[in-house]
Amino acid sequence: MRITTTSCLCPVLVCLSFVQRCYGTSHHSSVKVSKNQTKHIDGETEVHHRPKRGWVWNQFFVLEEHIGSEPQYVGKLHSNSDKGDGSVRYILTGEGAGSIFHIDETTGDIHATKSLDREQKTHYVLHAQAIDRRTQKPLEPESEFIIKVQDINDNAPKFTDGPFVASVPEMSEVGTSVLQVTATDADDPTYGNSARVVYSILQGQPYFSVDPKTGVIRTALANMDREAREQYAVVIQAKDMAGQIGGLSGSTTINITLTDVNDNPPKFLQKNHQLYVPESAQVGKPVGKIKAYDDDIGVNAEIKYSIVNGDGTSTFNISTDKETREGIISLKKPLNYERKKSYTLIIEGSNPHTDGRFSHLGPFKDTTTLKIIIGDVDEPPVFSMSSYIMDVYENAEVGTVVGAVTAQDPDSLNKPIRYSIDGSLHEDSYFSIDSTSGTIKTTKVLDREEQPWYNITVTAFEDDRQTDQSHVPVAIHVLDVNDNPPELSTEDDVIICETSRPGQVIQTVTAMDKDDFANGPQFFFSFPDDLPVNPNFTLRNNEDYTVSILAKRRRFSRTVQEVYHLPIVVSDGGSPSLTRTSTLTLRVCACERDGKVRTCHAEPFLSSAGLSTGALIAILLCIVILLVIVVLFITLRRSKKEPLIISEEDIRENVVTYDDEGGGEEDTEAFDISALRNPAAAEDLKFRRDVRPDIQTAPRNSPPLVLDGVNVHDFIKQRLIEADLDTSVPPYDSLQTYAYEGHGSLAGSISSLDSATTHSEQDYNYLCDWGPEFQKLAELYGEEESEQTT
């Protein structure tokens with residue numbers, strides 16, 4: 001299979017096609033030949049033939065940007081197996097197959113149906129194959145070929161980074177490089193002149209030029225002055241096709257700025273200047289300005305001012321303001337109109353940064369003459385010193401003289417001066433000043449520990465002109481006296497380990513004193529003289545005004561003593577020396593081997609015996625159980641009833657003591673209480689039930705009992721006779737008690753004993769309505785009513 005191509009622009013391809021037909025080979029083509037042994041697809045035996053070239057390919061070319069109405073012809077595919085009878089079918093696959101490139105399946109002609117752009121894609125890789133239409137089997141193996149897009153001049157050169165900004169120093173020599181610009185062309189640089197660019201200048205002559213090949217912009221005019229013109233706009237053109245007619249072009253703008261060099265010296269506009277300064281001008285303050293002008297800018301325009309001559313060099317000074325580039329004139333000494341009325345200064349202005357290339361332009365400096373006229377003014381008083389420092393001891397009496405200030409009138413009249421203390425500060429309340437002499441005195445007792453320094457301001461003014469005032473600061477230092485005793489600087493408890501050894505330092509203590517160093521920090525420590533020698537601790541005075549507390553015992557025990565109180569006397573080094581006794585609290589603690597505190601609380605005694613918490617709880621429970629048993633035993637013993645008669649043999653007592661409260665009114669078994677009832681209710685005499693009588697009948701000779709109409713006296717006598725005649729009573733005297741109050745009371749008896757035998761008309765059914773709290777009471781009274789009814 002071979003290829004046929006036609007192109008009017010590339011006759012070489014026609015030659016190559018001819019060579020292919022004649023020789024079947026090309027150095028640009030990829031050749032695929034069939035083997036001399038061909039194996040049939042149906043599995044038949046191999047038949048050996050003479051080697052024969054089957055596919056011969058070359059590169060195809062197609063022009064970009066095709067604008068014709070018909071598809072662009074690319075080339076033709078042909079197989080040796082194709083006899084022209086239409087039995088061979090050509091298939092095209094790969095990049096753009098079917099969408100861009102179409103093939104005639106019968107003839108093998110390839111056409112491009114779309115316009116191609118080489119700048120987007122330079123070539124396409126495709127695959128071709130010949131198939132038998134009847135068997136659909138390939139006649140030749142699949143082969144690969146390339147279709148290259150041939151370039152045309154369709155892209156103009158472009159400056160991708162424009163517009164540009166550049167600078168070059170003024171006064172530069174001709175040919176000084178400014179900037180290099182580069183244009184790019186998207187066309188194929190290997191084919192023709194489509195991408196060959198040439199540079200030219202369209203605007204900016206005669207000041208600048210450009211290299212046509214490299215695009216380097218250079219100065220073309222000498223001595224370009226920035227002060228005359230600073231900005232230039234240069235337009236550069238890039239044209240392809242080597243600048244020939246018909247080539248495409250692009251342009252860019254370069255904004256070039258001339259940078260400044262120091263080529264202009266400073267100049268004063270006038271050669272003589274005049275300045276008026278009043279004599280009251282303050283030292284160090286500006287009194288005037290002067291300026292020289294420079295056409296340069298930046299550091300090249302900086303000017304340094306100096307006084308080079310004149311009679312005021314020691315009185316005036318000049319400096320440069322960097323922002324305004326002015327010379328600032330200030331005073332070095334006070335002015336006095338009475339002594340000198342005018343000064344003359346020669347002032348020079350020069351450039352500190354010069355360029356030797358322009359030294360021929362002259363000296364880069366200029367001078368001018370300044371005459372200063374001093375004006376006479378009424379000046380305020382002048383103090384003898386700019387500031388005062390005075391001393392006074394603390395605790396000094398009110399009215400103590402601290403010091404004095406003096407001021408004078410600088411004018412020729414020499415008017416008298418008056419003094420006062422500025423009241424804007426609080427310190428003025430501690431001091432006063434004599435308005436005539438300027439003597440300062442104290443008005444309060446001063447304490448250095450509260451405030452060691454006082455600052456006041458004294459004002460001086462003329463007697464008849466108080467508007468012109470002078471002020472001076474006065475610092476008053478309060479000197480120290482020894483009026484504060486020292487004291488220990490710590491109040492925390494000191495820890496003592498139980499394992500302390502004799503001579504071991506327990507704590508190092510320091511003291512503090514509010515007084516000054518001369519009266520304070522020279523401290524001495526000791527024990528009080530009125531106390532005996534301490535057996536547990538001792539003191540060691542260190543050389544750094546501290547004291548160390550040392551142990552004198554081998555061991556300390558928390559169980560024996562947990563806290564020690566150690567009084568220490570501290571003395572200072574003042575004159576006279578002051579002392580104070582401070583007490584330190586030393587607490588015994590259990591410590592680890594490394595001295596770390598474990599605990600500082602005393603442990604219980606039982607804990608040292610090895611009893612655990614569970615054992616202690618068991619012991620307490622046993623004690624509680626024993627106490628409960630004892631209480632129960634005592635309670636039961638007290639509740640046991642004793643016999644009514646202590647002893648049958650003991651008949652000497654006539655009073656029987658009952659230690660039992662009995663069962664109340666319902667208990668009638670123990671004794672007969674009928675004798676205690678109302679005589680009117682006792683119809684029959686009942687004998688005692690505690691002793692059974694031998695005779696149940698009353699004595700015959702006993703007089704009859706008359707209940708009605710007797711008084712208490714007769715009633716008792718009658719009962720006494722009955723008791724004496726009663727043979728059933730015990731053989732010893734007995735006490736008879738009667739609760740009868742007698743007749744005559746309209747209210748009747750209030751005794752509850754009578755309620756057992758008399759019928760009550762009270763209805764207690766309302767108790768049932770009172771709730772469960774009165775249920776028991778309602779049941780009792782209910783039973784009583786039922787018994788009475790029965």
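Predicted model: local features only at pLDDT ≥ 70, side-chain atom pairs only at ≥ 80, totals over all residues.
**Exercise 1. Work out whether Cys-622 is buried, partly exposed or exposed.**

Step 1: Buried means under 20% relative accessible area, exposed means over 50%, and partly exposed is in between (1.4 Å probe, protein chains only).
Step 2: Cys-622 has 48% relative accessibility, so it counts as partly exposed.

Residues are numbered from 1 along each chain as its sequence is written, and side-chain values use heavy atoms, leaving out hydrogens and water.

**Exercise 2. Find the disulfide and give its handedness.**

Step 1: search the whole structure for cysteine sulfur pairs within 2.5 Å, the disulfide cut-off. One disulfide turns up.
Step 2: name the partners. They're Cys-497 and Cys-591, with sulfur atoms 2.1 Å apart.
Step 3: Cys-497 sits in strand β38 (residues 494–497) and Cys-591 in strand β44 (residues 579–591), so-called distant parts of the chain, 94 residues apart. Strands here are DSSP runs of E, at least two residues, and helices are runs of H or I, at least four, numbered from the N terminus.
Step 4: check the torsion. About the S-S bond it is about -85°, so the disulfide of Cys-497 and Cys-591 is left-handed.
Step 5: Cys-497 and Cys-591 are both buried.

**Exercise 3. Pick out the residues that touch the most other members of the largest nonpolar core.**

Step 1: define the core as a set of buried Ala, Val, Leu, Ile, Met, Phe, Trp, Tyr and Cys residues joined through side-chain atoms within 4.5 Å.
Step 2: go through its 23 residues; Val-405, Ile-440, Val-458, Val-474 and Ile-476 come out with the most.
Step 3: see which strands contribute. At least two core residues come from each of β29 (388–393), β32 (417–421), β33 (431–433), β35 (453–462) and β36 (465–479).
Step 4: zoom in on Val-458. Skipping residues up to four places away in sequence, Val-458 touches residues including Phe-383, Tyr-419, Ile-433 and His-471; contact means heavy atoms within 4.5 Å.
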